[in-house]
Every structure is written in C-alpha cells, then in structure tokens.
Amino acid sequence: AEYMGEPFRAGNGLAMTEASYVVEGFEGCSWFRRAACAALELQKQHPSVKVVIRSMSKPNFIASLNERNAEFSTIHNTCPLVYEASSNRAYIGGFDRFVHLIEKRHAHLTPYFCFQA
C-alpha cells in the first residue's frame, strides 16, 4: 500500500492494474482503521490490487469531503470515504459498502480482526 499525504492523482507512480482503491479518513476514526485494515488485507491476498490509505486530521478530512462530493456528485458525510482510483474513478462509499464490494468483486472475505480495529 502507499500512504500519501496528497490526493491520489493518476500518473503519480501508482500502477493501474486489476483495481485500485483509495481509503480516506481521519486518524481517530475506528471505521477508517477498519477500512484500511480490509484494504491492506485485500492487497496481501490479491497483489495486483493496489490500495492507497490517506489518513488526515479530522478538519482536513471534513474539508476533503466537499471536494469528493463535488467530484462524485454525491453526498457523503461519514468517515471513511472509499473510491475506486482506476481509469474510471468511481465512488464506493464507506466501510460497509467497501467490504461488500471486495467480497463480491474479489471473492475476498475481510478478516474478523479488521472488524475490531
């Protein structure tokens, strides 16, 4: 996984392969920790899947939600925010929707310990 302080931009060295996911959240959020755990475990089991974890302060996360909501034409107001970062950037949602998507798309079951993060 790559940990980045800046928003994901295509062409920043992250190879677009099978799938790429960005998990954004603030440092004290347990749901962000769970989503990051699920993403990292997915990448361990499926090395062609790339993940970017963006941890930021709560005020910075709240500010970034405005940008993402405009970008994805949605209203997302919870932590974390997960989106697909492949050539067709797509809004996924929060922790629950991300876990369901990777189970369906990658036949990946998130380990139990991620639910306790």
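Trainee: Let's start with the strands. In what sense do S4 and strand S5 pair, and over how many bridges?
Mentor: S4 and strand S5 (residues 90–93) pair in the antiparallel sense, over 3 bridges. Strands pair if DSSP finds at least two bridges between them. Helices (H or I, at least four residues) and strands (E, at least two) are DSSP runs, numbered from the N terminus. One caution: this is a predicted model, where local features need pLDDT of at least 70 and side-chain atom pairs count only at pLDDT 80 or more, while totals for chains, interfaces and linings use all residues. Residues are numbered from 1 along each chain as its sequence is written, and side-chain values use heavy atoms, with hydrogens and water left out.

Trainee: Which residue stands opposite Val-82 in S5?
Mentor: Gly-93.

Trainee: And how many bridges join S2 to S4?
Mentor: 4 bridges, and the two strands run antiparallel. Val-22 stands opposite Tyr-83 of S4 there.

Trainee: Which way do the S4 side chains point?
Mentor: Leu-81 and Tyr-83 point one way, Val-82 and Glu-84 the other. All of them are buried, meaning under 20% relative accessible area; exposed is over 50%, and partly exposed is in between (1.4 Å probe, protein chains only). In a regular strand, side chains alternate between the two faces of the sheet.

Trainee: Switching to charges. How many salt bridges does a search of the whole structure find?
Mentor: The search finds 6. The test is a side-chain nitrogen of Lys or Arg within 4 Å of a carboxyl oxygen of Asp or Glu.

Trainee: What about Glu-84? Which residue does its side chain meet in a salt bridge?
Mentor: Arg-105, at 3.2 Å, N to O. Glu-84 lies in strand S4 (residues 81–84) and Arg-105 in helix H3 (residues 95–106), so this pair ties together parts 21 residues apart in sequence. Glu-84 is buried at 12%; Arg-105 is partly exposed at 41%.

Trainee: Which residues do shared partners join into one network?
Mentor: Glu-24, Arg-54, Arg-68, Glu-71 and Arg-89, through salt bridges.

Trainee: Now rings. How many aromatic pairs turn up in the whole structure?
Mentor: 6. Rings of Phe, Tyr and Trp (its six-membered ring) pair if their centres lie within 6.5 Å; planes under 30 degrees apart count as stacked, over 60 as edge-to-face and the rest as tilted. Take Tyr-21 and Phe-98: their centres are 5.5 Å apart and their planes at 65°, so the pair is edge-to-face. This pair links strand S2 to helix H3, 77 residues apart. Tyr-21 is buried at 1%, and Phe-98 at 0%.

Trainee: How far apart are the ring centres of Phe-72 and Tyr-83?
Mentor: 5.2 Å, with planes at 50°, so that pair is tilted. Phe-72 lies in helix H2 (residues 58–72) and Tyr-83 in strand S4, so the pair ties together parts 11 residues apart in sequence. Both are buried.

Trainee: Last one. What sits over the ring of Trp-31?
Mentor: The charged end of Arg-34, 4.2 Å from the ring centre. That call needs NZ of Lys or CZ of Arg within 6 Å of the ring centre and within 35 degrees of the ring normal. Trp-31 also forms one aromatic cluster with Phe-95 and Phe-115.
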